Amino acid sequence: MKSLLHRHRELCERAVDPLEIAAGLEAHGLTDRAAARFRHRDVFSLAEELYARVPRTAEPRPQPEPVPVPRVRAGWVLLSLLPGVLAAATVTGLRLTQGHPRQSVALGGLLAVALATRAALRRGPLAGLPGTRAWGTTVGTRAGTLWLLGYALLGDGLLHSVLTGGPDTPPTMAPDGPWPTATAPVLALLLSCAPAAWSAHLLAAGARRRLARSRDLEDFTAAARPLLLGALAVFLSALVALLALCGTLLHAPAAYPQALTLGVLLLLARLLTAHRHRRAPALALGAAVAAEAAALALPLAGRLPGCAFLAAPVETLVGTWGETAVPALACGTAALALLRHAGRTLTRASAHAPTGAPE
């Protein structure tokens with residue numbers, strides 16, 4: 001116990017209550033199982049003893065400062081709207097151009113949207129907690145996100161072309177071309193950057209308030225779990241509305257199953273990254289990418305002599321549920337796995353305290 005107190009003396013001396021010590025210990029990897037080695041039932045019980053062991057002076061203790069609650073800033077609000085605005089401008093340009101100008105508009109719009117999305121993720125609730133440095137994505141996470149968005153735009157048309165003997169021509173970026181593109185769901189996903197930022201803000205602000213009111217870790221976890229589910233519900237409601245709007249305006253399928261599962265997957269991945277958990281999002285996105293890549297590769301491999309059986313699973317799935325079943329199943333499974341992980345990590349006090357450490 002003395003060695004533990006020595007290691008975390010600074011944390012114990014500046015803590016205003018045992019919950020702050022418990023959050024710090026949890027952030028440094030101390031679990032209930034580790035607390036049992038010190039003859040305590042959980043981390044909070046251990047934190048109470050450490051708090052009691054800190055030497056006190058006769059001077060009255062200062063009143064604890066309120067836990068800082070994230071505020072709405074005009075900067076991150078505008079940045080969260082920028083990817084959707086630029087994506088809408090790009091889609092409009094694609095509909096008004098033909099030939100080489102269309103390709104220029106597509107490349108310019110892609111670059112502008114990518115830069116705007118990067119800026120939106122560097123400011124505001126999607127960047128991380130106030131009082132901590134912004135946690136960026138890994139190279140694998142960025143690549144996985146780009147693949148999944150690219151598949152949402154081109155994947156269903158490419159898979160249909162592969163299963164029917166193609167592809168014979170490159171995509172024309174036209175919804176009625178030989179390799180049709182799904183602009184409505186991708187536009188809705190980019191417009192949903194703003195609802196995603198608001199959902200992250202609601203989660204962070206609510207968690208900070210609960211952190212100030214809670215008196216043990218179990219109390220905070222019980223209060224934080226509905227906050228996480230509520231933030232997801234807000235985002236899903238906004239995304240459904242955006243999908244319906246984009247589908248109506250563009251006269252194109254809204255692709256609800258794959259767009260909703262992909263939206264939830266990307267939001268959970270970003271929330272975990274912003275709260276200093278980067279390994280799980282990278283693995284989940286990588287698994288979804290691998291499933292979609294396999295769905296494209298297996299029918300091509302099935303064209304080899306004696307390898308027709310390789311294409312059978314994809315052909316059966318697409319024949320039963322359509323091309324949309326592939327991204328919906330891949331992203332939906334990954335999103336469920338991330339939701340389970342987020343339910344354990346984002347409901348901990350250490351995930352919302354400035355003392356948290358990276359995974």
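This passage describes the fold, confidence and selected local features of a predicted model.

Residues are numbered from 1 along each chain as its sequence is written, and side-chain values use heavy atoms, with hydrogens and water left out. Local features in this predicted model need pLDDT of at least 70, and side-chain atom pairs count only at pLDDT 80 or more, whereas totals for chains, interfaces and linings use all residues.

The chain contains 15 helices and zero strands. Helices (H or I, at least four residues) and strands (E, at least two) are DSSP runs, numbered from the N terminus. Of the 359 residues, 47% are buried. Buried means under 20% relative accessible area, exposed means over 50%, and partly exposed lies in between (1.4 Å probe, protein chains only). The accessible surface of the chain is about 18100 Å², and carbon and sulfur atoms account for 64% of that area. Areas come from the Shrake-Rupley method with a 1.4 Å probe; for residues, only the protein chains shown count as cover.

Confidence is expressed as pLDDT, the predictor's score for each residue from 0 to 100. The chain averages 80, and 70% of the residues score at least 70. Helix 1 (residues 2-7) has the lowest confidence, with a mean of 62, and helix 9 (residues 183-191) the highest, at 94. Residues 56-65 fall below 50, and this stretch has six contacts in the model beyond near neighbours in sequence. Residues 355-359 also stay under 50. For these residues the model has 17 contacts beyond four places in sequence. Where pLDDT is low, the predicted coordinates should not be read in detail.

Helix 13 (279-301) has 23 residues and reaches 31 Å from its first C-alpha to its last. This is close to the 33 Å expected at 1.5 Å a residue, where the expected span is 1.5 Å times one less than the number of residues. The buried residues of helix 13 include Ala284, Leu285, Ala288, Val289, Glu292 and Leu296. The buried residues of this helix pack against helix 8 (139-163), helix 12, helix 14 (312-321) and helix 15 (325-345).

His275 lies in the loop between helix 12 (256-274) and helix 13. His275 is buried, because its relative accessibility is 3%. A polar atom of its side chain lies 2.8 Å from the backbone oxygen of Leu271.

Thr183 belongs to helix 9. At 10% relative accessibility, Thr183 is buried. Beyond neighbours within four places in sequence, Thr183 contacts Arg95, Leu153 and Leu250.

The loop between helix 11 (217-250) and helix 12 holds His251. Ala255 lies in that loop too. Phi of His251 is near 55°, a positive value in a residue other than glycine. Phi of Ala255 is also positive, near 55°. His251 is exposed, with a relative accessible area of 74%, whereas Ala255 is buried at 17%.

Two cysteines were examined for burial. Cys193 is buried at 16% relative accessibility, and Cys246 is buried at 3%. The model has zero disulfides, a disulfide being a pair of cysteine sulfur atoms within 2.5 Å.

Definitions and conventions: Contact = heavy atoms within 4.5 Å. Polar contact = N/O pair within 3.5 Å; in protein donor to acceptor, adjacent residues only side chain to side chain.
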